[in-house]
Amino acid sequence: MARFIHVSSTQIPVAFMSATKRSFRRRASVIRCAAITPKKRYTIAVLPGDGVGNEVIPVAVDVLCLAGSLEGIDFSFKELPIGGVALDLVGVPLPDETLTRAKQSDAVLLGAVGWPKWDNNPKHLKPITALLQLRAALKVFANLRPITVLPQLVDSTYLRKDTAEGVDLLIIRELTGGIYNAHPRGFTTNEQGDEVGFCTESYSASEVDHIARVAFDIAKQRRGKLCSVDKATILEGSMLWRKRVTAMAASEYPEVEVSHLLIDTAAMDLVRHPRQFDTILTGVMFGDILSDLAAMIPGSVGLLPSAALGDSGPGIFEPVHGSAAKHYGKDTVNPMAAVLSAAMLLRYGLKEENAAKRIEEAVSDVLDRGFRTRDIHTCGTTLVGCKRMGEEILRSLDASCKKL
């Protein structure tokens, strides 16, 4: 279906196929209990993006709609292009209209960015640039990545079962500072005529305090343990990081148990003894490494949601699995990461805890009933695709309504 996307003050007709065309209102038949008159209304910017984002985001939207309706919440979804899709449509990875609508929303639900077609583009025309630009424009600086081994999936872990069982940790990663963002950076030539690429690892006291306060506040709400990860033996930025975290613990959060680990030790301990961790605080690069490593503890990136939060304004909520080109179009991808990202959107973005819990309980119920996508399938369980898994989650939400 053709629609108009407004970009840079011009109306450009494009062929933009909606990933969320299976709207909740067309699927009202899945709700068998009495509807609650909406008391709250939110606008969600929906950015399916590339690849399997177009398969998992429709599932998450349906689940959001149903969970919201059961709590008297009405959603307005504004679907917009980003990443490679936007490059195909208008020549830039983050159109002005997408950014404007995202800023005006209450939360952003993002699928994935990236596609092999664009891998060799210059940096400013790569799909991933859209994500970096979106984060900067929305001023999100705290990335939350929960790592939980659900009891129904303990057999899917890449670790020993007795090592992974009971793992429930949260990695809080700083997004806007550090080596990914600091200057100077670039390319030059040294005295020997060799080409040199260089980046700067840098953190200011205010940047460390900003993210540390988020981590301390969340740790207080969890089990009161915070592990800060750095490389303070070598890096000056990490030395300052450890100094600021230690000072904040003593002056503002004496009730939180604080420990410090070097990045190499933390990586080893995540594999050896992950249950020791509750809340992990770290910088942009170390958080990137640890969160991908920790993704293997539950057994699949298809289970892992994430949130990117700022001090105010809309947050960004997305599954961590990326566009997964080799799985796109096969109906094999696991939608649970997107669905659990929707739960995080409700909890952290909209402060709608009851609706978030409904989604999490529905996911747990589906697993109890034995349904599994290919990435988590084990002997004795029922293998289903992305669409069927979404239908079963909706069925569990519907059934929970009848029990009330």
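Guide: A pocket is an open set of grid points with protein on both sides within 12 Å along at least five of seven lines. The model shown here is predicted, and the largest pocket in it holds about 840 Å³ of space.

Visitor: Which residues line the largest pocket, and what makes a residue part of the lining?

Guide: A lining residue has an atom within 4 Å of a point. The largest pocket has 30 such residues, and I128, L131, L132, R135 and R173 lie nearest its centre. Two or more lining residues come from each of β5 (107-112), α4 (127-138), β6 (142-148), α9 (284-294) and β14 (316-319). With seven residues, α4 gives the most.

Visitor: How does the lining of the largest pocket divide into nonpolar, polar and charged residues?

Guide: There are 13 nonpolar, nine polar and eight charged residues in that lining.

Visitor: What is the volume of the second largest pocket?

Guide: The second largest pocket has a volume of about 710 Å³. Its lining has 26 residues, with P146, T148, D168, R347 and E360 closest to the centre. The elements that supply two or more of them are β6, β7 (168-174), α6 (205-221), α10 (336-349) and α11 (353-368). The largest share, five residues, comes from α10. By type, the lining of the second largest pocket has 17 nonpolar, four polar and five charged residues.

Visitor: What makes a space a cavity, and how many of 30 Å³ or more does the structure hold?

Guide: In a cavity a 1.4 Å probe fits but cannot get out. The structure holds one cavity of 30 Å³ or more. About 90 Å³ of space lies in the largest cavity. Of its 13 lining residues, E201, Y203, S238, G283 and F286 are closest to the centre. Two or more lining residues come from each of β10 (225-230), α7 (236-251) and α9. The lining of the largest cavity divides into eight nonpolar, three polar and two charged residues.

Visitor: Why is Y158 called exposed?

Guide: Exposed means over 50% relative accessible area. Y158 has 58% relative accessibility, so Y158 counts as exposed. Y158 lies in the loop between β6 and α5 (161-164).

Visitor: Which residues form a nonpolar patch on the surface with Y158?

Guide: M296 and V301 form the patch with Y158, and together the three have about 280 Å² of accessible area. A patch takes residues with over 30% relative accessible area; Y158, at 58%, is over that cut-off.

Conventions. Residues are numbered from 1 along each chain as its sequence is written. This is a predicted model: local features need pLDDT of at least 70, side-chain atom pairs count only at pLDDT 80 or more; totals for chains, interfaces and linings use all residues. Side-chain values use heavy atoms; hydrogens and water are left out. Grid points are joined across faces, edges and corners, and a volume is the space filled by probe spheres set on the points. Helices (H or I, at least four residues) and strands (E, at least two) are DSSP runs, numbered from the N terminus. Ala, Val, Leu, Ile, Met, Phe, Trp, Tyr, Cys and Pro count as nonpolar, Asp, Glu, Lys and Arg as charged, and the others, Gly among them, as polar. Patches are made of residues with over 30% relative accessible area and no salt bridge: like charges are joined within 9 Å, nonpolar side chains (Val, Leu, Ile, Met, Phe, Trp, Tyr) within 5 Å. Accessible areas come from the Shrake-Rupley method with a 1.4 Å probe; for residues, only the protein chains shown count as cover. A salt bridge is a side-chain nitrogen of Lys or Arg within 4 Å of a carboxyl oxygen of Asp or Glu. Buried means under 20% relative accessible area, exposed over 50%, partly exposed in between (1.4 Å probe, protein chains only).
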